[in-house]
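Colleague: Please take a close look at the charged side-chain pairs. Then follow one of them into the part it belongs to.

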Amino acid sequence: MQYVKRDWINEKCKEIEQQRKHAPQTLYRNIEEITGKRTFLSTGCIKAMNGDIIIDKEKILERWAEYIRELFKDDRKDHNILKNNFAGPPIMKEKVETAIKKMKHGKATGPDNISVELIEALEDFGIGKVTHLLNEIYDTGQIPTDLSKSIFIALPKKPGATECELHRKISLMSHITEILLKIIMLRIRNKIKPEIAEEQCGFVEDKGTSNAIYILRALIKRALEVQKDVYLCFIDYTKAFDRVCHDEIITHLKQLNIDGKDLRIIKTMYWEQTAAMRIENKTSTFQDIKRGVRQGCVLSPDLFSLYSEIII
């Protein structure tokens, strides 16, 4: 029986390896099947700041709005639109088409309710309209309100969770915004990449946690062979993504001399973004997000890696 289970796990691992890039949804299902991990259902209630249990849906939404406001508040500088740097090539239709092809299907839409599948269904007409819109945003630096909004969905990290802190926030944003940021990401990555240390494995192309684990295992094995001590230091950043300082990110991006229009879009996106919590088709009031990298944003891994280098 033990051999049968081991063969089954080996077979599943092979499937997961093949599905890494081509079938992410099936990949996650297989991982959950092997690990036994499951998504916990919400309790339907939440704790107020004073510890009282809230059951009323409207008050739960008010509590989430309060939590989001407190979590993301910061004393950052005022948003001054960059006016002395207008560098940046126009967004080509081919680049938009490539970005759309790289988008995952079946994703929930943001506040604008426009899906990437809808744009694809409109074929050349849809791609042309999106290209025109993105160039208008890129040239003016002004982002429509719906494209700078995000919707949070709360998932409990453990059964019976009633504290806001014990929920994982899944962010839904406009697919059009994602297309724009994918294009900008490809433009600025070549300037961010040299800033990332060789030792960093997180959010780095062709590297991952498995690389770091392999290196660590090799070091420990060698240390045991020669009877030497190994000292490890683990640093846990509390709510790491949510605590990133926007001013620091913009300052460092300026030093990298990225095109002015790209920098302006990134700064406008971060300074004008708002978010609300959605529970059972009801949405809380939108709150200003004054710190943290955007959850689910294609730029976030690169910006967080850059921020990590600043800290180290």
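Modeller: Lys 282 is partly exposed, with a relative accessibility of 42%. Keep in mind that this model is predicted. The partner of Lys 282 is Glu 58, and the closest N and O atoms of this salt bridge are 3.5 Å apart. Glu 58 sits in helix H3 and Lys 282 in strand E6, 224 residues apart. Glu 58 is partly exposed too, at 41%.

The whole structure has 13 salt bridges. Another one joins Lys 107 and Glu 178, at 3.1 Å. Lys 107 is in the loop between H4 and H5 and Glu 178 is in helix H7, so the pair ties together parts 71 residues apart in sequence. Glu 178 is buried, at 6%, whereas Lys 107 is partly exposed, at 33%.

Now take Lys 261 and Asp 139, which meet in a salt bridge of 3.1 Å, N to O. Lys 261 belongs to helix H10 and Asp 139 to helix H6, so this pair ties together parts 122 residues apart in sequence. Lys 261 is buried, at 13%. Asp 139 is partly exposed, at 41%.

Just after H6, Gly 141 takes a positive phi of about 80°.

Key: Residues numbered from 1 in each chain as written. Predicted model: local features only at pLDDT ≥ 70, side-chain atom pairs only at ≥ 80, totals over all residues. Heavy atoms only, no water. Helix = DSSP H or I, 4+ residues; strand = E, 2+ residues; numbered from the N terminus. Salt bridge = Lys/Arg side-chain N within 4 Å of Asp/Glu carboxyl O. Buried < 20%, exposed > 50% of the residue type's maximum accessible area, 1.4 Å probe, protein only.
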